[in-house]
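Here is a note for a colleague who is opening this structure for the first time. Please read the points below with the sequence and the coordinates at hand.

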Amino acid sequence: MSAMTVVSAPKQRWWNRIAHPGQFVAWTRPLLWPLVLCTALLFAVGLWFAFFNSPQDYQMGDTVRIMYVHVPTAWLSQFVYATMAVSALGSLVWRHPLADVAMKAAAPLGASFTALALFTGSLWGRPTWGTFWEWDGRMTSTLVLLFIYLGIIALWRAFDDQLRGARVIAVFTLVGAVNIPIIKFSVDWWSTLHQPASVFRADGPRMPGSILTPLFVMFFAFTFLFITLQLKSMHTEIKRRRVMSLERRAVQGAADA
Amino acid sequence: MNAFGATLARDLRLALRGGGDVLTLVLFFVIVGVVVPFAVGPDQALLARLAPGMIWIAAFLSMLLGLDRLFRPDHEDGTLLLLRQADLPLPAIVAAKLVAHWLLAALPLLLASPLLALLLSMDLASFWRTLLSLAVGTPALAAFGAIGASITVGIGRGGLLAPILIAPLSVPVLIFGVGAIPAGPGPDQSGSALLFLAAISLIACATAPFAAALAINAGED
């Protein structure tokens with residue numbers, strides 16, 4: 001008899017289990033402090049490498065160290081959008097409640113990383129190219145990406161009903177995800193100055209190891225920073241929603257009494 | 001008359017008979033073009049060089065401005081609710097509204113563009129190329145606009161939001177639209193740009209009704 005009930009009960013996978021916001025918070029809260037420590041450690045090691053244990057560039061001098069912030073944030077600007085697009089898919093297809101939360105939490109983070117990549121890029125461009133801004137393919141497509149992020153944030157702020165808004169925003173996020181490669185391609189076609197990809201290439205990286213090591217450490221440091229901040233802001237969003245529903249219930253109770 | 005045609009005819013009739021803002025948009029388009037010489041100076045050669053880009057910007061802005069009337073009146077008087085229950089699937093209805101939107105918001109601009117060409121002292125050859133690239137590119141702008149309008153239709157204060165959302169997505173249309181007009185020395189790539197523009201238009205018009213219908217359904221329940 002008991003075997004029967006076990007078989008007929010729906011199998012609870014982690015996917016379904018974390019669909020409950022409370023369970024998600026309970027499961028992921030212990031992860032938070034280790035993640036913070038990990039991020040701090042990676043940043044400490046990465047910054048030490050970047051400032052003290054990596055060579056100057058023979059042309060650019062010390063300004064090459066901007067790369068250790070610029071390249072990881074530029075990579076995250078795209079990675080965060082991919083995270084948002086996958087969450088949007090989860091929100092539209094499976095109506096996973098936490099996909100909404102993940103989507104909302106990621107948007108400001110992605111916008112910050114994109115803005116940081118643009119900012120460090122222009123600081124780097126001034127001494128090396130002689131200009132803060134150039135209408136070049138990669139820079140322009142990153143700028144457009146920033147505008148898309150800001151549009152999504154504005155959209156989140158405009159919806160009163162966050163649950164209903166989430167699915168509409170998911171549609172827009174996916175439309176953007178389809179469109180971003182087209183924008184990238186068209187802007188590249190339009191004009192080009194930025195160097196082409198030089199780390200991830202089929203024939204191996206085109207940089208010496210002394211620069212690659214700090215770059216990869218910083219790369220992981222920023223990625224861990226994103227994961228930590230994402231988890232924390234998801235927790236905050238869940239709490240905010242709970243407070244809102246409690247307030248609604250309190251107002252309803254007051255009206256009934 | 002089938003349902004697709006009826007939806008199309010209804011939108012056209014409403015816009016043309018109800019003291020429509022079709023002429024207002026055309027006026028806006030012309031005024032944007034007229035303001036340019038005041039800003040950059042009345043140098044004929046400079047104006048002729050800027051003219052294709054200015055006409056594209058004017059068309060881009062006027063089409064963004066006209067977005068809000070695509071779904072919002074139907075949402076406010078409840079027609080959208082009825083349309084969602086109709087026998088005709090919602091993507092088909094959106095497609096009909098998209099065609100009506102192009103006829104009302106883009107075609108008048110094409111008809112008014114000779115006036116701007118004259119004022120900005122374009123030569124005849126580049127005017128024809130501009131007209132061709134506008135005709136090929138505006139369906140894509142209308143399609144992106146339909147997505148933006150469907151996303152913001154549920155928001156009370158969404159009027160300004162749709163252009164903000166759609167403008168970054170429309171960058172490729174502008175790039176290939178202006179690229180399709182041969183300008184200056186150097187290798188002429190306008191032919192391939194026009195083909196890319198046509199491809200973007202076709203893809204956008206084929207997929208936008210589904211995306212817009214999805215957004216309307218997601219936002220309305």
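The numbered points below go from conventions to the chain, the contact, the core and some local details.

1. This is a predicted model, in which local features need pLDDT of at least 70 and side-chain atom pairs count only at pLDDT 80 or more, while totals for chains, interfaces and linings use all residues. Residues are numbered from 1 along each chain as its sequence is written, and chains are lettered from A and ligands numbered from 1 in the order in which they are written.

2. Chain B has eleven helices and zero strands, where helices (H or I, at least four residues) and strands (E, at least two) are DSSP runs numbered from the N terminus. Its pattern along the sequence is accordingly written α-α-α-α-α-α-α-α-α-α-α.

3. The C-alpha trace of chain B spans about 55 × 35 × 35 Å along its principal axes. The radius of gyration of chain B is 18 Å, which agrees with the value near 17 Å that a compact globule of 221 residues would have; the radius is taken over C-alpha atoms, and the globule rule is 2.2 Å times the number of residues to the power 0.38.

4. Of the 221 residues in chain B, 48% are buried, a residue being buried if 20 or more other C-beta atoms lie within 10 Å of its own, exposed if 12 or fewer, and partly exposed in between, with C-beta atoms placed from the backbone. Among contacts in chain B between residues at least 6 apart in sequence, 81% join residues at least 24 apart, two residues being in contact if their C-beta atoms, placed from the backbone, lie within 7 Å.

5. Where the two chains meet, 21 residues come from chain A and 20 residues from chain B. On the side of chain A that touches chain B, the elements giving two or more residues are helix 6 (137-158) and helix 7 (162-190) of chain A, and helix 7 of chain A provides the largest share, 13 residues.

6. The largest nonpolar core has 125 residues, and those with the most contacts inside it are A:Val171, B:Ala146 and B:Ala215; such a core is a set of buried Ala, Val, Leu, Ile, Met, Phe, Trp, Tyr and Cys residues joined through C-beta atoms within 7 Å. Helix 11 (residues 190-220) of chain B gives the most to this core, with 14 residues. Leaving aside neighbours within four places in sequence, B:Ala215 is in contact with A:Val168 and A:Val171, as well as with B:Ile147, B:Ser150 and B:Ile151.

7. Two loop residues deserve a look. A:Arg95, in the loop between helix 4 (67-94) and helix 5 (97-129) of chain A, has a positive phi of about 50° although it is not a glycine, and it counts as partly exposed because it has 13 C-beta neighbours inside 10 Å. B:Ser121, in the loop between helix 7 (107-119) and helix 8 (124-152) of chain B, likewise has a positive phi of about 50° without being a glycine.

8. In helix 1 of chain B, which residues are buried? They are B:Thr7, B:Leu8 and B:Asp11, and because they cover an arc of only 95° around the axis, they lie on the same side of helix 1 of chain B; the arc is that of the directions from the helix axis to the C-beta atoms. What covers these buried residues includes helix 6 (90-105) of chain B, whereas the face turned away from the buried side carries the exposed residues B:Gly5, B:Ala6, B:Arg13, B:Leu16 and B:Arg17.
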